[in-house]
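Hello,

I am passing the structure below on to you, and my notes on it follow. Please read them with the model open.

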Amino acid sequence: MSRDIKNQLLIFLTLFIGLYVDTYLFTSDFQMWQPTFVLLTLIYWNMALPDRIGIMAALSFGIFTDLLEGSLLGFHGILFVLITYACQRFFYQFRVSPLWQQSFTLFFLFILYKQVFALDFMNTNQELTNLSDSSFFMNSFLYALFSAFIWSPLFFMLRYYRRRWVKHNS
Amino acid sequence: MRRREHKVSYLSSEAIFAIPAMKPSKVILSLLVCSSLMLSDVYFESSSKIRGYAQDLFMPLGALVNIPADFLASIPDSLRTRSELILSLELVEEENKKLKVINQFLEKVSKENEELNSLWSSARLNFDNYSFARKRSISSNEFQPLLIVDVGSESNAGINDILLSPRGLVGKIKSLGLYSAEILVLHDVRSSVPIVTEKSKLHGNLKGNGIGRAGNIEYIKKTASFELGEKVYTSGIAGIFPEGIFVGEITSVDDLADSKFLEVEVSLMQSPFNQDFYLIYKNE
């Protein structure tokens, strides 16, 4: 197996683990605040090895998430593609910033990310354009906070994994 | 070094080791693909046909969840000595004997109960139409929580069959695969259940408002009179949900000046988070 394919598979493996953790590991009230591990992993790979991960990976894992989460098909796809693009566009700036700054940036990114889920695409409540309320905003805040906190350990874990397993072409 | 990983400077002919950014055209194409998928889902519910099978595809991933728990459970046993294991085995055997005696009594009681139950059930619901389902996962989507349950390959469950818990109605099957079913729970903003109240006998349509939120009864005229704490049951109108299944209790009735209708909130008793087993009822 060529080095490139092996690297791709190793990267996809982490994304599948993220998907697994998101879907099956937390089945309690904590679920509403649990970080989206697949997205955090995608952000990490976009930052660490932007040439090894592409738009297709973001699109595919977005659609997988839609199928598993029951959201509109393509909804997570759009969000993952946009976040991947933003990460790839600004990865030079993001990669060199200290970890606490990265977490801070992700905190605001994830608050915005969560707010999109309150958009009422199915027109369930015709008097409103979105379903956001104070309780939802509180949940979004906690979700973003947990995501920001989890970023540092996840970053070190994935960095160790990358250095140990994902080898560069020589 | 691969060719696309560097450019050559026009001024100095030196290599610039920059990783090219994603092409905007690819991003736009992906966004268009996603948008068309979303539109087809909104207008034609196209994804409902494949979702059940997608859950089947991801089922092996779900089975992995038991591996860490089984591994952790096996650690204490592997650290115990032979004599300790024999002792615990003796205790378990003794307990087993006790349970056997208790079971004999229970069998007697259950036979009597069976007779009474069959009398009641023949007048109301057919027990052949029930099958068991086990919770596999629930999505973290606050407004559209999706409950996935395992249904046996021999189960005769179908789309729109209803899911029950000991505390009442949970939802209905939205999409079905070979081994999994997706449930549209009462809390989902897309859910709408025809209901009737216990005392005032007023009919309405119960809408979900998301996990952790009370549902509300729609389009209730201001002249209607509801009581707080009144129980709410399915009315059986429209034929999807059978009549008389417990749904929740009325927790607040507000007469807002800027609304043509009453604001009636219903607390939904059953949370899909706190239950592992359910019954699927095939409504005829």
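**Helix H1 of chain B**

On one side of H1(B), the exposed residues are B:Pro24, B:Ser25, B:Ile28, B:Leu32, B:Ser36, B:Tyr43 and B:Phe44. Please keep in mind that this is a predicted model. The buried residues of H1(B) are B:Val27, B:Ser30, B:Cys34, B:Leu37, B:Met38 and B:Asp41. Viewed down the helix axis, these buried residues fall within an arc of 95 degrees, so they line one face of H1(B). The cover over the buried residues of H1(B) includes H3 and H4 of chain A.

The length of this helix can be checked too. H1(B) runs over residues 24-44, which is 21 residues, and at 1.5 Å a residue it should span 30 Å; the C-alpha atoms at its ends are 30 Å apart, so the two agree. Just after H1(B) comes B:Glu45, with a positive phi of about 50 degrees.

**Where the chains touch**

How many residues does each chain bring to the contact? Chain A gives 38 residues and chain B gives 38 residues. On the chain A side, helices H1 (3-25), H3 (55-69), H4 (75-89) and H7 (134-165) each supply at least two residues. H4(A) provides the largest share of that side, 7 residues. Sorted by class, the side of chain A that touches chain B holds 21 nonpolar, 13 polar and 4 charged residues.

**Strand S11 of chain B**

S11(B) covers residues 231-234. Its covered face consists of B:Val232 and B:Thr234, while B:Lys231 and B:Tyr233 make up the uncovered one. S11(B) pairs with S8(B), residues 192-197, in the antiparallel sense over 3 bridges. In this pairing, B:Thr234 of S11(B) is the bridge partner of B:Ile195. S11(B) also pairs with S12(B), residues 246-254, again antiparallel and over 3 bridges. There, B:Phe246 of S12(B) is the bridge partner of B:Tyr233.

**A:Ala118**

A:Ala118 sits in the loop between H6 (99-115) and H7 of chain A. Is this residue buried, exposed or partly exposed? A:Ala118 counts as partly exposed, because it has 18 C-beta neighbours inside 10 Å and a buried residue would need 20 or more. Leaving aside residues up to four places away in sequence, A:Ala118 touches A:Asn130, A:Leu131, A:Ser132 and A:Phe136, as well as B:Phe143 of chain B. A:Leu15 lies 103 residues from A:Ala118 along the chain, and the C-alpha atoms of the two are separated by 25 Å.

Regards

Conventions
Residues numbered from 1 in each chain as written. Chains lettered and ligands numbered in written order. Predicted model: local features only at pLDDT ≥ 70, side-chain atom pairs only at ≥ 80, totals over all residues. Contact = placed C-beta atoms within 7 Å. Helix = DSSP H or I, 4+ residues; strand = E, 2+ residues; numbered from the N terminus. Nonpolar A, V, L, I, M, F, W, Y, C, P; charged D, E, K, R; others polar. Expected span 1.5 Å × (residues − 1). Buried ≥ 20, exposed ≤ 12 C-beta atoms within 10 Å, placed from the backbone. Arc of directions from axis to C-beta. Pairing = 2+ DSSP bridges.
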